[in-house]
Amino acid sequence: MGKSVKFIILAILLVTGYTALAEEVPCRMRIDREKVSPGKQAQLEIELPKSYGVIVPEMPIIKDIDIRFSRSYPKAAEGITSDSQMMVFQYKVVPRTTGVFPIGPFRFQSGSDFYSTNQIMFVVEKEALRITPQQAPKSTDLKDHMYVLIDVPKTTVFINERVPVVLKLYTDWIDLENVSFSQKQSEYLLVKEFKDKLVEVIDKDATRFAVLKYTASFYAVTAGMYTLEPVSVKFTIVMPREGADGSAPELLNQNSPFYESLIGAAYSRQMELESEQVNITVMPLPVEDKPKSFRGAVGKFNFELKADKNSIKPMETVILTATISGEGNFDAMSAPVFGDPTGLKPSEPKINRSRDSISYDMPLTVQSKDIRSMPDLLFTYFDPSEKHYVTITRQIPVKLENIALSVKALSEDGLKANKAPEIRILPMKTTIDGPYPRQDPPYKGVSFWFFLIIPWVLIPSFIMFDRRRRYLDNHPSYAAFLRASRTADRSIRSAERSLKDGDMNGFYLKVFKIMQEYIGERVLISSAGVTGQTVDECVEPYVGKEMSSRIKQIFSECYSARYSAAGKDPAAMSLMLRNVGDVISEMNNKEFAKDNI
């Protein structure tokens with residue numbers, strides 16, 4: 001028998017033995033609601049021993065069921081000493097259709113051990129009427145009295161295209177209070193909060209309706225087929241009040257008996273209605289004829305440019321204010337770019353946002369005396385209606401001053417400087433030691449040694465600095481690695497301050513930008529273009545599938561936490577920040593390009 005065959009047999013025996021010795025650890029899985037209706041959310045929890053670690057278990061795909069990770073937290077094990085803790089992983093479970101779905105058993109591996117869960121039967125039934133549990137009204141047909149519609153003007157959109165959404169609540173009863181909204185957030189469709197209430201009264205089928213309109217918008221971050229989830233509208237129906245002068249209450253229709261029966265003996269009743277879901281098709285932005293100055297802006301915009309001074313000399317700084325207004329997605333754009341930045345040093349811009357505009361205060365320093373004119377400033381956006389890119393060019397309204405002196409001025413100054421010196425004869429001073437006092441030799445003074453040693457220190461330092469600069473110029477990915485590491489360290493400290501101050505939105509926004517800017521620097525692309533798809537294409541080949549999954553999980557948590565209340569747990573936020581630090585620390589040891597060291 002050949003050596004290679006023996007080696008294969010030995011390897012198989014070792015693997016078999018290792019698997020046989022691996023410990024099978026049972027763990028508990030539970031769900032808070034075993035019966036729901038389509039589109040409703042249930043919470044699934046898996047308890048794993050602390051020895052499993054903090055890596056989120058990947059859930060297998062179940063047809064017609066969406067299972068997405070929500071958060072994790074430590075928990076003391078029941079009936080065991082406080083030294084033994086469990087790690088609880090929470091998931092949001094949302095069914096898309098009716099039926100009975102078995103969830104589990106699942107099997108996870110960590111090191112040499114395997115962890116197995118129990119099985120749960122998940123029942124999804126169609127809900128006939130959405131009313132909070134109270135005494136049922138005598139008439140259960142509410143569709144002719146109150147309903148919710150959602151108006152989406154277009155269902156085929158481009159990446160980063162902001163689409164307005166209008167939610168309309170139709171009611172034939174005017175006395176409604178405490179109207180609130182909730183919607184399951186998507187990782188890929190980001191929906192702004194519904195606000196700006198507008199009330200309109202219409203007549204429909206011999207009935208007068210009050211239409212409460214609320215506006216919002218959404219945009220997509222990746223291409224694909226997605227669903228705009230139903231919007232749940234909660235409100236309170238109250239009995240009408242008399243006027244201050246004792247006059248009869250105002251009514252839309254003469255339907256008081258119906259609502260008195262609906263509300264019963266109580267003064268008010270809580271209700272909940274839900275809109276239909278909308279399927280959205282998201283198309284990628286065209287690659288053909290895409291300008292280099294494009295930085296993610298999608299919509300229709302105007303671009304104006306101002307400066308805080310009219311002229312500038314070399315080594316001086318001017319602040320340019322670029323104001324972008326119009327209709328589009330202001331959350332997914334970057335500052336305009338310079339046409340030819342040679343000899344210029346732009347600094348990080350200060351961003352000022354308003355409802356329908358954004359401005360960038362851009363400090364610009366002229367570092368070279370060879371520049372004869374200021375470059376243009378370019379802003380490029382994609383027009384989704386015309387389906388092409390548009391570039392707006394603005395000339396910087398600043399003149400470069402000529403600081404060279406004229407030949408005539410130099411000649412006059414030279415004549416004054418070359419005037420014959422005045423000759424003075426000083427009398428000789430006589431002392432005991434001779435005609436002049438005795439002085440110490442120069443090498444005994446501090447100044448002599450100071451000026452002797454300084455050149456030997458400065459010249460090697462300058463040579464080392466120049467070599468370092470040239471090395472970074474020739475190795476852009478290594479330079480990007482250094483920038484990314486320093487920027488990530490500063491940003492993590494800033495996120496820690498937001499965590500201590502309780503600023504949840506600021507915390508998750510900073511964590512999102514930490515990962516976006518770090519990955520953008522490492523793979524040498526614009527940070528605005530870093531998405532889950534970018535991670536798969538540009539990062540996974542260098543860091544592996546496991547690390548890529550951890551990065552996408554961080555993005556997913558930021559998306560969900562910024563638009564829901566799930567991210568308000570300080571323990572989960574602290575755990576997430578440690579995970580970000582670990583991911584960046586591990587990625588610092590990965591090579592992303594041939595010129596990395």
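Helices (H or I, at least four residues) and strands (E, at least two) are DSSP runs, numbered from the N terminus. What you have open is a predicted model, where local features need pLDDT of at least 70, side-chain atom pairs count only at pLDDT 80 or more, and totals for chains, interfaces and linings use all residues. Residues are numbered from 1 along each chain as its sequence is written, and side-chain values use heavy atoms, with hydrogens and water left out.

**Stop 1**

Start by selecting asparagine 178, which is found in strand E14. Its phi is near 55 degrees, a positive value in a residue other than glycine. Most residues other than glycine have a negative phi, and most peptide bonds are trans. Asparagine 178 counts as exposed because its relative accessibility is 61% (exposed means over 50% relative accessible area, buried under 20%, partly exposed in between, with a 1.4 Å probe and protein chains only).

Now jump to aspartate 289, in the loop between strand E21 (278-283) and E22. Here phi is near 60 degrees, again a positive value in a residue other than glycine. With a relative accessible area of 65%, aspartate 289 is exposed.

Next, pick glycine 104 and proline 105: a cis peptide bond joins them, with omega about -5 degrees. Proline 105 sits in the loop between strand E7 (99-103) and strand E8 (107-110).

**Stop 1: a loop tyrosine**

Select tyrosine 188, in the loop between strand E14 (176-183) and strand E15 (189-191). Its relative accessible area is 27%, so tyrosine 188 is partly exposed. Which residues is tyrosine 188 in contact with, leaving aside its neighbours within four places in sequence? Show Tyr219, Ala220, Val221, Thr222 and Tyr226; contact means heavy atoms within 4.5 Å. Isoleucine 159 is 29 residues from tyrosine 188 in sequence, and their C-alpha atoms are 9.9 Å apart.

**Stop 2: aromatic rings**

The structure holds 17 aromatic pairs; rings of Phe, Tyr and Trp (its six-membered ring) pair if their centres lie within 6.5 Å, with planes under 30 degrees apart counting as stacked, over 60 as edge-to-face and the rest as tilted. Select phenylalanine 301 and phenylalanine 379: their ring centres are 6.0 Å apart and their planes at 80 degrees, so this pair is edge-to-face. Phenylalanine 301 lies in strand E22 (residues 294-307) and phenylalanine 379 in strand E29 (residues 376-383), so the pair ties together parts that are 78 residues apart in sequence. Phenylalanine 301 is buried at 4% relative accessible area, and phenylalanine 379 is buried at 3%.

**Stop 3: cysteines**

Pick cysteine 27, buried with a relative accessible area of 8%, then cysteine 558, buried at 0% relative accessibility.

**Stop 4: zoom out**

Show the whole chain as a cartoon: there are eight helices and 31 strands. Of its 597 residues, 39% count as buried. Among contacts between residues at least 6 apart in sequence, 72% join residues at least 24 apart.

**Last stop: helix H4**

Finish on phenylalanine 448, in helix H4 (residues 446-474). Phenylalanine 448 counts as partly exposed because its relative accessibility is 37%.
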